[in-house]
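Subject: Structure handover

Hello,

Here is the structure I promised to pass on. Please open it first, then read my notes below.

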Amino acid sequence: MRVLPVLFLLASVPAARAADVSIEQANHAFSQSAVALSAGDALVMHNDDGTVHNLSVIDEDGDPQDLGLQQPGKTLRIQFANAGRFTVRCALTPGMKMTVNVH
Ligand SMILES: [Cu+2]
């Protein structure tokens, strides 16, 4: 019975090849400053710093989505369902910023 929701989730993944792109957060910087994705792809953000980060995704209208505190060593997956130009920043680290173009 407990397996059923998982099966449903897997079955609902679109046939398009969604991909995960790994980004390291080290020395208070993202490993890439600009990333191109297809709709449905995700960023997998690794906090390799010894300090907490607090990522937000900001859309073209400037509306931020706060992803909360990310402890050292933790991974955060951000899926982009729709096309658009987004900015990922850390609220705690000035200058820690990345552009995400989703096609
Ligand atoms: Cu930070």
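Predicted model: local features only at pLDDT ≥ 70, side-chain atom pairs only at ≥ 80, totals over all residues.

Residues are numbered from 1 along each chain as its sequence is written, and side-chain values use heavy atoms, with hydrogens and water left out.

**Copper site**

The copper ion has protein donors from H53 (ND1), C90 (SG) and T93 (OG1). They lie 1.9 to 2.1 Å from the ion. Along the sequence, the donor residues follow the spacing H-x36-C-x2-T. C90 and T93 are both buried. Here buried means under 20% relative accessible area, exposed means over 50%, and partly exposed is in between (1.4 Å probe, protein chains only).

**Overall fold**

Helices (H or I, at least four residues) and strands (E, at least two) are DSSP runs, numbered from the N terminus. The chain has 103 residues, and 31% of them count as buried. Its accessible surface is about 6600 Å², with 55% belonging to carbon and sulfur atoms. That area comes from the Shrake-Rupley method with a 1.4 Å probe; for residues, only the protein chains shown count as cover. A contact means heavy atoms within 4.5 Å. Take the contacts between residues at least 6 apart in sequence: 51% of them join residues at least 24 apart.

**Core**

The largest nonpolar core has 17 residues. Such a core is a set of buried Ala, Val, Leu, Ile, Met, Phe, Trp, Tyr and Cys residues joined through side-chain atoms within 4.5 Å. F30, L43, M45, F80, V88, M98 and V100 touch the most other members. Two or more residues come from each of β3 (34-37), β4 (42-47), β5 (53-58), β8 (84-90) and β9 (97-102). Leaving aside neighbours within four places in sequence, the contacts of L43 include V21, I23, V35, L37, F80, V88, M98 and V100.

**Q70**

Is Q70 buried or exposed? Q70 is buried, with a relative accessible area of 3%. Q70 sits in strand β6 (residues 64-70). Its side chain reaches the backbone oxygen of K74 at 2.9 Å.

**Salt bridge**

How many salt bridges does a search of the whole structure find? It finds one. The term covers a side-chain nitrogen of Lys or Arg within 4 Å of a carboxyl oxygen of Asp or Glu. D20 pairs with R77, and their closest N and O atoms are 2.9 Å apart. This pair links distant parts of the chain: D20 is in strand β1 (residues 20-26), R77 is in strand β7 (residues 75-79), and they are 57 residues apart. D20 is partly exposed, at 46% relative accessible area.

**Positive phi**

Most residues other than glycine have a negative phi. N27 is not a glycine, yet its phi is positive, about 50 degrees. H28 also is not a glycine and has a positive phi, about 60 degrees. N27 lies in the loop between β1 and β2 (29-30), and H28 lies in the loop between β1 and β2. N27 counts as exposed at 70% relative accessibility. H28 counts as partly exposed at 40%.

Best wishes

Methods. Donors = N, O, S within 2.8 Å, 3.2 Å for Na, K, Ca; no water. Polar contact = N/O pair within 3.5 Å; in protein donor to acceptor, adjacent residues only side chain to side chain.
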